[in-house]
Amino acid sequence: MNKYSEIYGLDISKDVFDVYGSQTGHTQFKNDERGFKSFLNYVSKGALVVMEATGYYHYRLAQFLFKSGVCVSVVNPLSVKRFIQMKLAKVKTDKSDAKAICEYGQMNAVPLYTALNEVQSECLQLFRLLDSYIKQSTASKNKLHGEETLGIPSKFVYRSLKRHVKHLKKEIAAIEERLLALVKQDQQYQLTLLNSIPGMGVKTALFLIVVTDGFKKFETASQLCSYVGITPTIRLSGSSVRGRSRISKVGNKKLRNLLFLCAFSACKHNKACREIYERLVNKGKSKKLALITVANKLLKQAFAIAKSGRPYDENFVSKLA
């Protein structure tokens, strides 16, 4: 028996959001402040609102409903997509998607949403912008290399690219400085703890603290590993299917990529990570698989240290992680 009076599934787009209630059926609201208030009056007491994580579109509504005392769950879009595929649905509209999200909420134990504070919210925005600028910088550097290979046929283009790369470098440095200041303001001690882990970069430590709300959102290291998406998935079926084990990739892509980069350094400077890497490679496993395992180990070390409140100690961490 569901503990909520009603479950609403929301399909959110730029201008409107479609709502499907388990008892009330379909309706639609504007995706703005007036629409939020109208929906708040529409929602029955003791209800649960389920929506997909859709980047910018879901964030404002989730924050508004949470602060208004409504139970909210923000679910992974891939999970809902697979749920719809399992039902063999042939019709795909905003209304049908809202209904599917509602049914997903009825049939699964969905996690409750916790609103971000102002520091967390700004940090996430800064990380998105930082990621965008880094991609632009890499693309511009590649173009610069191309111009140099061609012998710089256009000095104007070459100089423009040089200025652009220089500007992006300055902006990236400013964003990183702002991020560090914000996290120090909110979680200085935890940042110091994570920085004590050999191989854990400052940027990764910052992002870990922000997305986990200081590790408060997870009760076990396994939950955190699943969230990041570096838990192995086994592909076995009868006697014929013997697929390679792979990571799930259902999780936070940005954090997963940062941890993978940290794994290279951890293999050299982190005793436990180095031992795992060498053992797997000596067994004939691929270097990529070994690095993924190291990233998983790093994440478990970070969780153990954050929860214990003790700085890195290879003997202590090896018992917990």
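Let's start with residues 158-185. Their end C-alpha atoms lie 41 Å apart. The span is 100% helix and 0% strand. Helices here are DSSP runs of H or I, at least four residues long; strands are runs of E, at least two long; both are numbered from the N terminus. UniProt, in an unreviewed entry, places the feature "coiled-coil region" at residues 158-185. UniProt positions are given in the numbering used here, feature names are shortened, and annotations may be inferred rather than shown by experiment.

A word on the model. It is predicted: local features need pLDDT of at least 70, side-chain atom pairs count only at pLDDT 80 or more, and totals for chains, interfaces and linings use all residues. Residues are numbered from 1 along each chain as its sequence is written, and side-chain values use heavy atoms, with hydrogens and water left out.

Next, helix packing. How do α7 and α9 pack? Helix α7, residues 202-211, and α9 meet at an angle of about 150 degrees, with axes 10 Å apart. Axes are lines fitted to C-alpha atoms, for helices over the stretch in contact, and angles run from 0 to 180 degrees between N-to-C directions. So α7 is roughly antiparallel to α9. The cut-offs: under 35 degrees is roughly parallel, over 145 roughly antiparallel, 65 to 115 roughly perpendicular, and the rest oblique.

Who makes the contact? From α7, Lys-203, Thr-204, Phe-207, Leu-208 and Val-211; from α9, Lys-254, Leu-255, Leu-258, Leu-259 and Cys-262. Contact means heavy atoms within 4.5 Å.

Take Lys-203. Lys-203 is partly exposed, with a relative accessible area of 28%. Buried means under 20%, exposed over 50%, partly exposed in between, using a 1.4 Å probe and protein chains only. Leaving aside neighbours within four places in sequence, Lys-203 is in contact with Phe-127, Leu-130, Ile-134, Glu-176 and Leu-258. Lys-203 and Leu-255 are 52 residues apart in sequence, and 9.8 Å apart C-alpha to C-alpha.

Now the rings. How many aromatic pairs does the whole structure hold? The search finds 14. Rings of Phe, Tyr and Trp (its six-membered ring) pair if their centres lie within 6.5 Å; planes under 30 degrees apart are stacked, over 60 edge-to-face, the rest tilted. Phe-83 lies in helix α3 (77-86) and Tyr-104 in helix α4 (94-107), so the pair ties together parts 21 residues apart in sequence. Phe-83 is buried at 10%. Tyr-104 is buried at 13%.

Another pair is Phe-260 with Phe-264, also edge-to-face: 5.6 Å centre to centre, 85 degrees between the planes. They sit 4 residues apart in helix α9 (253-269), about one helical turn. Phe-260 is partly exposed at 25%, and Phe-264 is partly exposed at 43%. There is a cluster too: ring pairs link Tyr-8, Phe-17, Phe-29, Phe-36, Phe-39, Tyr-42 and Phe-64.

Last, backbone angles. Most residues other than glycine have a negative phi. Ile-152 has a positive phi, near 50 degrees. Ile-152 is in the loop between α5 (118-149) and α6 (155-195). Phe-215 is not a glycine, yet its phi is about 70 degrees. Phe-215 lies in the loop between α7 and α8 (221-228). Buried or exposed? Phe-215 is buried, at 1% relative accessibility.
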